[in-house]
Amino acid sequence: MRALILTGPPAVGKSTIGRFVAQDRPCAAFIDVDDVRHLVVSGHAAPWDGLEGLRQQQLGVVNACALARNFLDGDVDVVIVDVLTDSTAELYRARLTEVLIVKLEADFREAEKRAQSRPVHLTPEEFRALHDQQHDFTGCDIRLNVTRLSAHDAAAQVKDIWLSDRGREGSARPRA
């Protein structure tokens with residue numbers, strides 16, 4: 001089984017959907033790369049915090065890939081959630097040769113509404129910047145608009161894509 005990576009801007013449901021997908025598999029691990037990055041407890045820098053933020057962003061990908069590879073080698077399916085850039089997507093592809101990247105999309109206003117129901121970790125400017133950055137992201141295999149889907153329905157669609165022939169195609173990198 002190839003690793004599944006869910007990406008998308010804040011508040012589109014990456015973590016919730018990713019957990020549902022992983023929980024529906026016989027044996028699966030869920031890796032939230034934000035949690036991996038926050039293992040740096042002294043000197044932590046957000047990905048947009050200059051060169052140090054970029055370095056830690058890349059280190060988070062490298063560490064998430066090492067963890068994913070260990071699970072995959074142990075016959076454990078892997079679902080990863082992260083906000084990817086084109087360069088981090090390439091880093092994932094280099095480190096995990098079999099990977100499916102699904103970009104979750106939602107209308108900005110819907111994402112803002114969803115974000116109001118959870119703890120605030122981003123400034124409004126950071127929230128908007130991450131949405132703008134994800135709008136320009138091209139490194140995914142599949143795009144799925146989840147604006148009008150429940151988390152369970154979105155997870156079912158993601159799982160179907162992941163397990164289908166469409167999700168198993170190699171270098172063709174299909175787009176939905």
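I count a residue as buried under 20% relative accessible area, as exposed over 50%, and as partly exposed in between, with a 1.4 Å probe and protein chains only. By that cut-off, 44% of the 176 residues of the protein are buried.

I note that this is a predicted model, in which local features need pLDDT of at least 70 and side-chain atom pairs pLDDT 80 or more, while totals for chains, interfaces and linings use all residues. Residues are numbered from 1 along each chain as its sequence is written, and side-chain values use heavy atoms, without hydrogens or water.

**Fold.** I took helices (H or I, at least four residues) and strands (E, at least two) as DSSP runs, numbered from the N terminus. I find eight helices and five strands, in the sequence order β-α-β-α-α-β-α-β-α-α-β-α-α. The radius of gyration is 15 Å, close to the 16 Å of the globule rule for 176 residues, so the protein is as compact as a globular protein of that length. For this I used C-alpha atoms and a rule of 2.2 Å times the number of residues to the power 0.38. The C-alpha trace spans about 40 × 35 × 30 Å along its principal axes.

**Cysteines.** I looked for disulfides, defined as pairs of cysteine sulfur atoms within 2.5 Å, and the count is zero. Cys27 is in no disulfide, and its nearest cysteine sulfur, that of Cys65, lies 19 Å away. Cys27 is partly exposed at 40% relative accessibility, whereas Cys65 is buried at 3%. The sulfur of Cys65 has its closest cysteine sulfur in Cys140, at 17 Å, too far for a bond.
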